[in-house]
Amino acid sequence: MDISIQTEVSIGHRLYGYPGKCSNLHGHNYNFEFVINGNPDVALGLVMDFKDLKATINTVLEPFDHAMVLMEGDPFEDSIRVERSKHLILSVNPSAENLASLMFNLLMNEGLKVCCVRVRETSDSLAQTDRVDRDVRIIRGAE
């Protein structure tokens, strides 16, 4: 059985080396949906208490909230670091696809049986993953 939680987080990013508008610093109110799989327990009939799932998701997402997310090697990191602005540096470009993979990995690391992660940058664009991609990871970050 699957259960899911949706939440929204404001994140800044850019796609380093992209030949278009997304190479500029900008942001989105990302809508994340996290689908967890499991068998309901016999006593209460719960796969997982939604309160506990929300708490885990909030812990995973908090570093991203109102942060600038960049790829390692992006020259904008120096400016952001000098300004002491909240940021995360990833091993890959912070596309919706890579953010979906990263969130999948982070929730798996929290011990959840993740079925899939869906990420919407806008109301008409969706990236979804149902597998681990260990090459997608946080390299460093600061607040």
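At what angle do helix α1 and helix α3 pack, and how far apart are their axes?

The structure is a predicted model, in which local features need pLDDT of at least 70, side-chain atom pairs count only at pLDDT 80 or more, and totals for chains, interfaces and linings use all residues. Residues are numbered from 1 along each chain as its sequence is written, and side-chain values use heavy atoms, with hydrogens and water left out.

Let me begin with the whole protein. Its secondary structure comes to three helices and seven strands; helices (H or I, at least four residues) and strands (E, at least two) are DSSP runs, numbered from the N terminus. From the N terminus on, the order of elements is β-β-α-β-α-β-α-β-β-β. The radius of gyration is 16 Å, close to the 15 Å that the globule rule gives for 143 residues, so the protein is as compact as a globular protein of that length. That radius is taken over C-alpha atoms, and the rule is 2.2 Å times the number of residues to the power 0.38. The C-alpha trace spans about 55 × 30 × 25 Å along its principal axes.

Of the 143 residues, 42% count as buried, where buried means under 20% relative accessible area, exposed over 50%, and partly exposed in between (1.4 Å probe, protein chains only). Among contacts with a separation of 6 or more, 65% come from residues 24 or more positions apart; contact means heavy atoms within 4.5 Å.

Now to the opening question. Helix α1, residues 50–61, packs with α3 at an angle of about 125°, and the axes are 10 Å apart. Axes here are lines fitted to C-alpha atoms, for helices over the stretch in contact, and angles run from 0 to 180 degrees between N-to-C directions. At that angle α1 is oblique to α3, because angles under 35 degrees count as roughly parallel, over 145 as roughly antiparallel, 65 to 115 as roughly perpendicular and the rest as oblique. The contact is made by Thr56, Ile57, Val60 and Leu61 of α1, together with Met103, Leu106 and Leu107 of α3. By class, this contact has six nonpolar, one polar and no charged residues. In that scheme Ala, Val, Leu, Ile, Met, Phe, Trp, Tyr, Cys and Pro are nonpolar, Asp, Glu, Lys and Arg are charged, and the others, Gly among them, are polar.

Helix α3, residues 96–109, also holds Ser101. Ser101 is buried, with a relative accessible area of 7%. Leaving out residues up to four places away in sequence, Ser101 touches Thr129, Asp133 and Val136.

I turn next to the strands. His13 lies in strand β1, residues 2–13, and is buried, at a relative accessible area of 1%. Beyond four places in sequence, the residues that His13 touches include His26, His28, Met68 and Glu121. His13 and His87 are 74 residues apart in sequence, yet 9.4 Å apart in space, C-alpha to C-alpha.

Ile36 belongs to strand β2, residues 26–37. Ile36 is buried, with a relative accessible area of 3%. Among its contacts, neighbours within four places aside, are Met1, Ile3, Leu53 and Val114.
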